[in-house]
Amino acid sequence: MRFKAILNNPVGLHKLGQTMEKLGPVCIACFATDKLRFITYQDGAAGPQAWTNLVATSLFSDYRIESQHHNEINFFFKIPDLLHITKDLHEVTRIQVGLKRRGEQSIILFRWTGENFVGSKSLEQKELPIELVRRDRLELIKEPVTIRTPETYILLPPLVSLKPAAEQFRKLSKYITVAANMKGELKIEVESAYAICSAHFDNLSNPSLSGHVPTGDLTEYSHVRIKSEDFVSFLSCTHLEPDDVICSIASEAQIVFLVYLNLETYQNEDAPIRTMQMSANRCQLTCHLPIHFE
């Protein structure tokens with residue numbers, strides 16, 4: 001089993017880690033020959049789940065991976081451990097990463113050449129402890145299925161405009177209602193013992209959904225009730241500066257957020273020049289939030 005590469009996007013990896021940390025403390029990385037997947041969820045509890053898919057070239061160059069299981073390597077790691085490493089690498093180039101063992105402990109080793117304040121250079125390294133995951137164990141972790149075709153799918157306004165209202169609403173109630181329709185309108189609302197507060201957004205876009213034609217009253221709202229804390233945690237996606245975020249709602253049944261972004265924006269100066277086709281490969285983060293009934 002082998003893995004080695006040059007990490008030429010430490011900023012993108014750090015921003016991804018900052019977002020994943022808010023969505024669950026447990027993270028599984030799935031590295032294949034040309035694609036990467038990060039699965040974030042609450043271990044043993046109902047909570048947000050995030051499934052992030054991206055091409056390997058978004059983070060790495062000189063990427064090499066080998067294993068007896070279709071050249072795939074899967075492993076658990078603690079997100080705070082990753083952030084402790086990447087926070088110091090924003091200005092660093094030629095960062096070598098590789099799978100190693102320290103006794104019985106598997107690690108991802110980060111190595112680079114550092115320079116101190118007087119200009120002296122030295123080889124530096126940090127270790128990310130990991131736990132390798134067998135393929136049969138990984139297959140037990142499933143992304144939530146689509147319960148039914150959503151009635152509403154809407155392009156959200158910039159997440160930074162949603163975050164202040166969501167954080168204020170969290171102080172008023174444990175739960176928040178998210179509602180939207182197919183006429184470009186979105187509402188978030190909370191109800192407490194003393195007041196009902198809401199924020200309304202209009203003139204939004206409703207993207208087309210393959211194989212689905214909206215029927216009925218387009219002004220009718222689909223809605224779900226979720227934890228205010230979960231919604232604020234999802235809005236940590238602002239770290240990633242996404243291009244587009246689509247909210248998909250099956251009324252009183254399911255809410256899914258599809259976050260599209262281009263991590264290659266953050267690649268450092270030693271990253272290879274990308275062709276137009278390679279640059280078009282956007283990262284997708286799919287976030288599922290559990291719903292709650294009164």
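Guide: Let's start with buried area: the accessible area (1.4 Å probe) that two parts lose on being put together, summed over both. Keep in mind that this is a predicted model, where local features need pLDDT of at least 70, side-chain atom pairs count only at pLDDT 80 or more, and totals for chains, interfaces and linings use all residues. Residues are numbered from 1 along each chain as its sequence is written, and side-chain values use heavy atoms, with hydrogens and water left out.

Visitor: Which domains does the chain have here?

Guide: Domain bounds come from an automatic or database domain assignment. Here that assignment gives domain 1 (2–140) and domain 2 (152–261). Their centres, taken over C-alpha atoms, are 31 Å apart.

Visitor: What is the area buried between domain 1 and domain 2?

Guide: About 680 Å², with carbon and sulfur atoms giving 63% of that. On the domain 1 side, K15, T19 and K22 supply 56% of what that domain buries against domain 2, more than any other three residues.

Visitor: How many salt bridges count between domain 1 and domain 2?

Guide: A salt bridge needs a side-chain nitrogen of Lys or Arg within 4 Å of a carboxyl oxygen of Asp or Glu. The count is one. K15 forms a salt bridge with E241, and the closest N and O atoms are 3.7 Å apart.

Visitor: What is the strand order in the open sheet of four strands?

Guide: Strands are DSSP runs (E, at least two residues), numbered from the N terminus, and two of them pair if DSSP finds at least two bridges between them. The order is β13-β12-β11-β14, with antiparallel pairing. β13 (196–201) and β14 (222–227) each have a single partner strand, so one side of each is left without a neighbour in the sheet. β11 (residues 175–180) pairs with β14 over six bridges, and I176 stands opposite I226 in β14.
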